Amino acid sequence: MGNCIQGCKDYFSRQKNTNIRLTLPVVCFVWQIAMIILFGVFIRYDEESDTHWVETKAHDNITSDIENDFYFRYPSFQDVHVMIFVGFGFLMTFLKRYSFGAVGFNFLVASFGLQWALLMQGWFHSLDPQTGKIFIGVESLINADFCVAGCLIAYGAVLGKVSPVQLLVMTLFGVTLFAVEEYIILNLLHARDAGGSMVIHTFGGYYGLTISWVLYRPNLNQSKRMQGSVYHSDIFAMIGTLFLWMFWPSFNSAITDHGDGQHRAAINTYLCLASTVLTTVAISSLSQKTGKLDMVHIQNSTLAGGVALGTAAEFMISPYGALIVGFFCGIISTMGYIFISPFLEKTLKIQDTCGIHNLHAMPGVIGGIVGAITAAAASESVYGKQGLINTFDFTGDFKDRTVLTQGGYQAAGMCVSIVFGVVGGAIVGSILRLPIWGDPADENCFDDEVYWELPDEEEEHQESIPPILEYNNHMIHKQQDLSESNFSVEHCES
């Protein structure tokens, strides 16, 4: 028995091999061929993207092509698509030598994930029982991007510590888990979550955090010199922040009902985000003796309001209510970076590279709570009788549901997303621990050189990184008194 245990320890602790010349191409080719076959069997255009649209118009007395859902949804789809590929990608470029991995692997994960999401979500939400086909349109593309967002959130927790093959495995299981929990929350519980506070952010946050916990690296300090940011890397990350911040109203309103619901969701998110910026700046300044701002807070906590208002975005939360949510989210998220992230790493052994707990998981839970309270407090005097029916979709099997009951189901939906994130993350993390995926050694984490061909000038200077001004960034948490500055000059060996 002792020999068996020792054998297992030796197997899991054997020297890392980051050569993915065989595994990465095989996974990419096999999985893409599988997508082609599955799409050929199951995926078809829906009636609004098929050439029979002309007949559909005549049958339904539609007089203009402008009634096609494409013209309602495509502007929002464009915004969401930019958030997925540009916003998330550039937000993760803060590490001084991991920009290729941040943007490039984000590109890889999203490109595979959206294909698998169209299938998984189609099987659960729109499979035609008569034909056995999945009919897709522009709204399907938005939902697939939402699904991918959950996986990219999880990627933020393990940024720089996993191989591209591990990321593809994470995405395969993450999309599958997402489709199941989304079906339970939106269809079985009939909870409302237009902007995905629960379905996307809470699930993705706890999925990534749990995987990071399972993949804990006790010797990660061996790559400490790579964990900081430099001036230009923070600028690139701020580009991602601005894209996400500008387009978040589209994200939260993209799949809401046409008309007042979509209009209201955009307004509420717009106001909430603006409020979050001011309180984030205030807390960031207060945390420093000299009142200087920490770029980490500005890059991340300013977005927390968009996360927290996702569930209640289409509800009658009122403009001042949206400002209140943003006010508190800016405070809570920034305090999370200052106090909670060091606690998670030191005590719970969760190495959260991008701080997704403070940007996604915690604000996502706040969003679920706000949504449950707002739903339970809804009244006919505020919404109107038909307004209540439209907003909460009290039709069919749910026509007799009360707002108090709806509030309870909203809270239940949040619990489901947490359970799927934690349990699913533990299972997937255990799979990713297998020493077959080509993940980097502790001393080589956060370095593009492991998986990317670098320009010549970068290779020449890879062993002589000059002294840098190092922040209290996402990974380097110095336990300090609030009266002390978070800045220090670190001289790296030449």
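Biologist: What makes the largest nonpolar core a core, and which members touch the most others?

Modeller: A nonpolar core is a set of buried Ala, Val, Leu, Ile, Met, Phe, Trp, Tyr and Cys residues joined through side-chain atoms within 4.5 Å. Helix α6 (residues 138-158) gives the largest share, 14 residues. There's also a second, separate core of 19 residues, Cys 272 and Phe 392 among them. Mind you, it's a predicted model: local features need pLDDT of at least 70, side-chain atom pairs count only at pLDDT 80 or more, while totals for chains, interfaces and linings use all residues. Residues are numbered from 1 along each chain as its sequence is written, and side-chain values use heavy atoms, with hydrogens and water left out.

Biologist: Why is Leu 38 called partly exposed?

Modeller: Buried means under 20% relative accessible area and exposed over 50%, with partly exposed in between (1.4 Å probe, protein chains only). Leu 38 comes in at 23%, so it counts as partly exposed.

Biologist: What does Leu 38 contact, beyond its neighbours within four places in sequence?

Modeller: Ile 43, Trp 116, Leu 119 and Trp 123, where contact means heavy atoms within 4.5 Å. Leu 38 and Leu 119 are 81 residues apart along the chain, yet their C-alpha atoms are separated by 7.9 Å.

Technical notes: Helix = DSSP H or I, 4+ residues; strand = E, 2+ residues; numbered from the N terminus.
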